[in-house]
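I opened my notebook to look around inside a protein.

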Amino acid sequence: MANLATDFVGIKSPNPFWLASAPPTDKEYNVVRAFKAGWGGVVWKTLGEAGPPVVNVNGPRYGAIWGADRRLLGLNNIELITDRPLEVNLREIKQVKRDWPDRAMIVSLMVPCEEAAWKAILPHVEETGADGIELNFGCPHGMSERGMGSAVGQVPEYVEMVARWCKQNTRMPVIVKLTPNITDVRQSARAAVRGGADAVSLINTINSITGVDLDTMSPEPSIDGKGSHGGYCGPAVKPIALHMVADIARDPECKNIPISGIGGITTWRDAAEFLSLGAGNVQVCTAAMTYGFKVVQEMIAGLSDWMDDKGYASVAEVSGRAVPNVTDWQYLNLNYVTKARIDQDLCIKCGRCYAACEDTSHQAIAMSDDRVFTVIDEECVACNLCVDVCPVEECITMERLEAGTTDPRTGKVVSDEYANWTTHPNNPSVQAAE
């Protein structure tokens with residue numbers, strides 16, 4: 001059996017699944033229910049102390065994007081950090097950690113960007129026995145307008161400065177939570193490294209407006225006829241999160257800093273993808289809010305079964321496995337040639353592949369009078385659009401042409417040699433060198 005236990009910067013948990021800092025981790029009642037369901041750890045909803053009082057809205061706090069079957073794809077929230085008294089949160093954190101010593105307890109923090117404010121709150125968190133802290137440099141709404149959250153995360157110098165303050169004033173591991181609302185997330189990660197952070201977590205939510213009520217002309221969620229931008233999360237943000245996690249994992253300046261992956265994780269497969277791209281564990285929020293805490297049981301079982309099937313004995317063996325295969329475009333093999341193939345036994349004759357290719361791609365699919373669809377190899381550039389729009393899994397696949405055969409589209413013999421743009425004869429830099 002695969003061992004799912006993790007050691008993330010010295011913080012041990014029975015599995016890599018943590019609940020992210022959010023409403024599900026706002027109080028003892030929720031967190032205890034989560035631990036009973038099987039979660040390996042939690043990041044307690046962000047605490048604050050100094051600065052203006054936190055007052056949340058009493059109207060709708062969430063906006064949503066649904067798929068055609070009303071499956072939740074994205075969730076926008078305008079909720080602020082905890083509005084519960086600091087002393088209440090600290091007391092509950094201490095009690096939960098005492099009752100559940102084998103689970104990871106991380107405390108998310110956000111206070112004004114002043115050293116005194118950070119120095120003041122850190123001893124209180126240490127006293128609870130928490131395993132570590134996560135610096136919330138990502139929240140894009142409400143708190144950012146007060147000079148906190150993403151207002152800090154978008155300035156690498158601030159990230160470095162606050163991380164250093166915390167490292168100098170606490171024994172606890174320091175995890176820096178990064179904002180995706182930035183041009184290059186590596187700059188923030190590098191700043192966290194310079195500040196001495198023990199790890200980074202990403203991504204926090206993406207600035208968004210999910211919709212407009214066309215009757216009231218108010219952005220949603222609407223509060224008395226007015227709306228505001230909020231933080232976007234859920235399955236829709238997963239591709240963005242994977243890219244940013246991989247960017248940091250590949251960056252030599254980040255010196256292999258441990259990564260806690262966040263962003264749209266709903267299934268064990270999502271978690272495995274984050275792990276393969278360099279994450280040491282994962283944090284989940286929207287899936288728990290959509291399906292309840294017991295969703296983690298499917299994640300644990302699925303990840304364990306997959307690891308057993310692949311022969312991975314530990315999470316550490318999975319972490320980073322895909323990173324060497326992430327490269328820049330100019331290094332992709334230009335001698336790799338494939339063509340689309342349609343399985344006529346699986347085809348339901350819907351015509352989506354034909355419509356997509358004929359109208360928006362390369363006119364590489366023919367349709368007969370009796371609606372039989374076939375690939376025109378002479379036109380197929382292997383763009384994969386037909387595969388993506390086909391509603392039947394495995395009905396259309398991409399088949400590699402063997403070396404020595406002729407590509408009907410280009411008339412060139414397919415080579416098994418590796419060739420990329422850096423050595424391609426059409427590359428102006430290659431021509432100049434010659």
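Here are my entries, one topic at a time.

**Ground rules**

I am working with a predicted model, where local features need pLDDT of at least 70 and side-chain atom pairs count only at pLDDT 80 or more, while totals for chains, interfaces and linings use all residues. Residues are numbered from 1 along each chain as its sequence is written, and side-chain values use heavy atoms, with hydrogens and water left out.

**The whole protein**

I looked up the secondary structure and got 14 helices and 20 strands. Helices (H or I, at least four residues) and strands (E, at least two) are DSSP runs, numbered from the N terminus. The C-alpha trace spans about 75 × 55 × 50 Å along its principal axes.

Next I checked burial: 49% of the 434 residues count as buried. Buried means under 20% relative accessible area, exposed means over 50%, and partly exposed is in between, with a 1.4 Å probe and protein chains only.

Then I looked at contacts, meaning heavy atoms within 4.5 Å. Of the contacts with a separation of 6 or more, 69% are between residues 24 or more positions apart.

**K97**

I picked out K97, which is in helix α2 (residues 86-99). Is K97 buried or exposed? K97 counts as buried because its relative accessibility is 12%. Its side chain reaches the backbone oxygen of P101 at 3.2 Å. Skipping neighbours within four places in sequence, I found K97 in contact with R103, M105, T128, G129 and D131.

**T286**

My next stop was T286, in helix α9. T286 has 8% relative accessibility, so it counts as buried. A polar atom of the T286 side chain lies 3.4 Å from the backbone nitrogen of G234. Leaving out neighbours within four places in sequence, T286 is in contact with L72, L75, C233 and G234.

**Helix α8**

I listed the buried residues of α8 (residues 268-276): D270, A271, A272, F274, L275 and S276. They pack against several elements, including α7 (238-250), β15 (259-262) and α10 (295-310). Just after α8, G278 takes a positive phi of about 120 degrees.

**Cavities**

On a 1 Å grid over the protein atoms alone, a cavity is a set of points where a 1.4 Å probe fits but cannot get out, and a pocket is an open set with protein on both sides within 12 Å along at least five of seven lines; lining residues have an atom within 4 Å of a point. Grid points are joined across faces, edges and corners, and a volume is the space filled by probe spheres set on the points.

I found 4 cavities of 30 Å³ or more. The largest cavity holds about 480 Å³ of space. It is lined by 35 residues, and S21, A22, N77, N204 and T205 are the closest to its centre. Which element gives the most to this lining? It is α9, with 3 residues.

The second largest cavity holds about 110 Å³. Among its 16 lining residues, C357, A364, C380, C383 and C386 lie nearest the centre.

The largest pocket has a volume of about 510 Å³. Of its 22 lining residues, L334, N335, V337, T410 and K412 are the closest to its centre.

I read about 320 Å³ for the second largest pocket. It has 20 lining residues, and the closest to its centre are P258, G278, A279, G280 and S319. β1 (6-8) supplies the largest share of that lining, 3 residues.

**Cysteines**

Last, I searched for disulfides, counting a pair of cysteine sulfur atoms within 2.5 Å. How many are there? The count comes to 0. For C254, the nearest cysteine sulfur is that of C166, 19 Å away. C254 is buried, because its relative accessible area is 1%. For C390, the nearest cysteine sulfur is that of C395, 4.2 Å away, and C390 is in no disulfide. C390 has a relative accessible area of 16%, so it is buried.

How values were computed:
A polar contact is a pair of N or O atoms within 3.5 Å; within protein, one must be able to donate a hydrogen and the other to accept it, and residues adjacent in sequence count only if both atoms are side-chain atoms.
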